[in-house]
Amino acid sequence: MTETPIGLDFSPELNMARYLQSIRKYPILTSEEEYNLAKNYKETRDEKIAYKLITPHLRLVVKVVSKYRGYGLPINEMISEGNMGLLYAVEKFDPDKGFRFSTYALWWIKASIQKYILNSWSLVKIGTTAAQKKLFFNLRKIKNSLRLVEDREMSSAIMEDIAKSLDVNIKEVTDMNNRMSSHDGSLNMVIDSSSDSGSEWLDFIADKKPNQEETLGYNETYQYRKKLFTQALSCLNERERDILYKRRLNDKALTLDDLSKAYNISKERVRQIELNSIRKLQKAVGELAFR
């Protein structure tokens, strides 16, 4: 990503505390407002419309960045990179697909931040495998789940378990843990020493609970997928629907033997009907989603 896709500048680098306070003023868009803005921008490429669509999502970038704060890199720079991802998301977003912009933008934001982090660490610059990148981005998460975030030394048993789960050797886990521990920064560091606010990074760490926008987006996405699934069921005949429900959708699935006796067919035939029903359903959902 070498260029800003549209001529908008959302830079937190001049005064971080002021930036974090200012982005809170942008109201959360309703689904209808978001759709209309995205539709208009897709047709006109008017930067003023893009601005109205992007600014309410700047808080989403800060929330994502807060999850990467342990990599020893300037948070303001990671926010700038995340904002770049947001700009690219606006360029690519198609509102007619039925998803909220925040759901789509999340991937671009994470991709931009992770690219910046990877490019900033010499170990990764040398050239790493997919397994090592997985280790890089998952070690802190694993240590947090084990309440070991502040521990540089981990037992050999824990090291071995982590190495096995991430498909790397123990030495790689040890080296990565040492590098990440030496780069950890204090969350009580003052954001802007030239400001009188005295704000610390800890004051602006996003709540891990879903915000109103994310909850709304999740609910709408769920309802959309549920609608697609219900419509797609019409491609199945009565026996196929019954077998699919009783094998995959009931709280307590019936066995192949149970259904073979109910329909007076072999267990293998029940299994075939079940798998064919799933394939037909997947195809129907795909066709409905891209109409």
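**View A. Helix H12 passes helix H13 in a right-handed crossing.** Handedness goes by how the near helix is turned from the far one, by less than a right angle: clockwise is right-handed, anticlockwise is left-handed. This is a predicted model, in which local features need pLDDT of at least 70 and side-chain atom pairs count only at pLDDT 80 or more, while totals for chains, interfaces and linings use all residues. Residue numbers start from 1 along each chain as its sequence is written, and side-chain values use heavy atoms, with hydrogens and water left out. H12 covers residues 238-249 and H13 residues 256-263, and the two pack at an angle of about 155° with their axes 11 Å apart. That angle makes H12 roughly antiparallel to H13. On the H12 side, the contact is made by Arg239, Asp242, Ile243, Lys246 and Arg247, and H13 brings Leu256, Leu259 and Tyr263. Sorted by type, the contact residues come out as 4 nonpolar, no polar and 4 charged.

A few terms for this view and the ones below. Helices are DSSP runs of H or I with at least four residues, strands are E runs of at least two, and both are numbered from the N terminus. Axes are lines fitted to C-alpha atoms (for helices, over the stretch in contact), with angles from 0 to 180 degrees between N-to-C directions. Angles under 35 degrees are called roughly parallel, over 145 roughly antiparallel, 65 to 115 roughly perpendicular, and the rest oblique. Contact means heavy atoms within 4.5 Å. Ala, Val, Leu, Ile, Met, Phe, Trp, Tyr, Cys and Pro count as nonpolar, Asp, Glu, Lys and Arg as charged, and the others, Gly among them, as polar.

**View B. H2 passes H3 in a left-handed crossing.** The axes of H2 and H3 come within 9 Å and cross at roughly 150°. So here H2 is roughly antiparallel to H3. From H2, the residues at the contact are Glu34, Leu37, Ala38, Asn40, Tyr41 and Thr44, and they meet Ile49, Ala50, Lys52 and Leu53 in H3. The tally for this contact is 6 nonpolar, 2 polar and 2 charged.

View C. The side chains of Glu34 and Arg100 are joined by a polar contact of 3.0 Å. A polar contact is a pair of N or O atoms within 3.5 Å; within protein, one must be able to donate a hydrogen and the other to accept it, and residues adjacent in sequence count only if both atoms are side-chain atoms. Not counting residues up to four places away in sequence, Glu34 touches Leu29, Leu53, His57, Phe99, Arg100 and Phe101.

**View D. H4 (residues 58-66) meets H6 (residues 101-120).** Their axes come within 10 Å and cross at roughly 50°. That puts H4 oblique to H6. The crossing of this pair is right-handed. Leu60, Val61, Val64 and Val65 in H4 meet Ser102, Leu106, Ile109, Lys110 and Ile113 in H6. By type, the residues of this contact are 7 nonpolar, 1 polar and 1 charged.

**View E. Arg45 and Asn264 have positive phi values.** Most residues other than glycine have a negative phi. Phi of Arg45 is near 55°, and phi of Asn264 is likewise near 55°. Arg45 lies in the loop between H2 and helix H3 (47-54), whereas Asn264 is in the loop between H13 and H14. Arg45 is partly exposed, with a relative accessible area of 40%; Asn264 is exposed, at 72%.

**View F. Val285 sits in helix H14 (residues 267-289).** With 26% relative accessibility, Val285 counts as partly exposed. Leaving aside neighbours within four places in sequence, it is in contact with Leu228, Phe229 and Ala232. Val285 and Ala232 are 53 residues apart along the chain, and their C-alpha atoms are separated by 5.6 Å.

**View G. Lys92 belongs to helix H5 (residues 75-92).** Which residues does Lys92 touch, not counting those up to four places away in sequence? They are Tyr104 and Trp108.

Definitions and conventions:
Buried means under 20% relative accessible area, exposed over 50%, partly exposed in between (1.4 Å probe, protein chains only).
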